[in-house]
Amino acid sequence: MQGAITRARLQHRPARFHRAPYRCIPSIAAAASSGVAEAPSSGGGAKRGSVVGAAALVVGTSIGSGILAVPQRTAPAGFVPSAACMVTCWAFLVIEALLLVEINVHLRRKKGKDAGGDGDGGGGGQLEVISLKSMAQETLGEWGGNLAAAAYLFLSYTSMVAYTSKSGEVLSRVVAGVPEPVSGGAFTAALALLIAAGGTGVTDKVNQLLTFVMIGLLLTIEVSAVAFGAGLTLPANTNWEQVPATLPVIIFTLVFHDIAPVICAYLGGDLVRIRLSILVGSIVPLLSLLVWDDIALSISTDLDGFDILDMLNTEWSYTVVETFSLLAVGTSLIGTLLGASQFFIEQMTNLVSSSAQGHEEEALRHRGAKTAVDNNRLSYIAAGAVVAPTVLIAATVPNSFSIATDIAGGYCMTILYGVLPPLMAWAIASRMSDSRAGSVEAESSVAGGSGNVDLTSAKPVLVGMGVFSVLMVFEQMSQDFVSFQSYLLAWTG
């Protein structure tokens, strides 16, 4: 999740901006960084960032460890039903992402962050990102911000549990005799130490290398698979009733919405280019996922369930597949660790700042070295707060990877990126309708930048999107209830 690292390096306002985890391919980390440092600040019409760079951010954000869990979940349904589900989820997520950027750009224009042609709103060349938490708080009030923060924190922990569990599973196959909880916990702790001790600079370089190799291995696997005759066939089973069970992991894999606010800042609030980058960038992960799923199901030895070992037992190189699996988990884990750690650092910093009010002069005299030591100490404390519960849950809960991906995709991501955006857009549309023409709110919706934000005429669409998101949550709840009943029957029997 290279993007979290890039954003951590570019932002120096921890009290204002909330960081979320995402991944990015290495070439775009440099593009985003140079786009911020060297973007033209004059009003001469030069545009900030590039569509190619923003689209690559979307690609890097979507490709990660979630792809490892997809074939196992889609095998009972078959390729055709699962492919239809993937395309449907992709379309839904793209619509939600486009809605998110409409809201974000509306708020950016309202606050004048993209005024003057440089897109930084006077930020001195740095990206000023309006995070999802800030968006919810601005549009829905305090309860919206709190809901977004809680959902994000829960999403971070469930994602961490999934990544820790899967890393232990992969490492236990590579290093014989080491239990999964031990190997997974050690792997997670090592990456946490890298982030806490090395900081974003060292972590950025390490993650760029890992992400570059991971994407290269993915392309190698898929191209080689097709060359060997795998994929491009339609499995015999088509069980459409199994499709709902595939929704959480597909959403977990295709989500890129945490990068949407950054793209809005990176492209200076230019809606035309933002929409194009999202459409182009989201198609690549979809196609990769479809090819991966087709290959995996075509070589699976059991249509009722797929495991990565099915690939290892065919023409696939053991080293290539296992290395890709570990890198997919590692890059996802680094971004999530960094994002969650930064969240705790922000909260602790705000707490210390509020308690230090009234001692400002004394604090100024002791700034310098003491601040550096305190920041370093906070990094270790935050990393511990993220890792300790994660390792404990992953070690004690059976099948924690599958459970965590279901929770993250079925609840946390659906609420954050499915339910909240229509609610925020509805709130903005209601305010614009009430204020009518001539008000600051209405003028801010069309002032500056390319494209117009028009949410007042989209209320029927917002209702449909909100209802669809809520139905997805209820569907996940019904599946969990049935699973819980089955567990109780098996336990009492």
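**Helix packing and salt bridges**

In this predicted model, helix H4 (residues 66-74) packs against helix H11 (residues 271-299) at an angle of about 55 degrees, with the axes 9 Å apart. That makes H4 oblique to H11 (under 35 degrees is roughly parallel, over 145 roughly antiparallel, 65 to 115 roughly perpendicular, and the rest oblique). Axes are lines fitted to C-alpha atoms, for helices over the stretch in contact, and angles run from 0 to 180 degrees between N-to-C directions. Helices are DSSP runs (H or I, at least four residues), numbered from the N terminus. On the H4 side, Ile67, Leu68, Val70, Pro71 and Thr74 make contact with Leu289, Trp292, Asp293, Ala296 and Leu297 of H11 (contact means heavy atoms within 4.5 Å).

Arg73 is buried at 18% relative accessibility, and Asp406 is buried at 15% (buried is under 20% relative accessible area, exposed over 50%, partly exposed in between, with a 1.4 Å probe and protein chains only).

The structure holds eight salt bridges. Among them, Glu138 pairs with Lys110 at 3.8 Å and with Lys111 at 3.5 Å.

Residues are numbered from 1 along each chain as its sequence is written. Local features need pLDDT of at least 70 and side-chain atom pairs 80 or more, while totals for chains, interfaces and linings use all residues, and side-chain values use heavy atoms, leaving out hydrogens and water.

Note on methods. Helices (H or I, at least four residues) and strands (E, at least two) are DSSP runs, numbered from the N terminus. A salt bridge is a side-chain nitrogen of Lys or Arg within 4 Å of a carboxyl oxygen of Asp or Glu.
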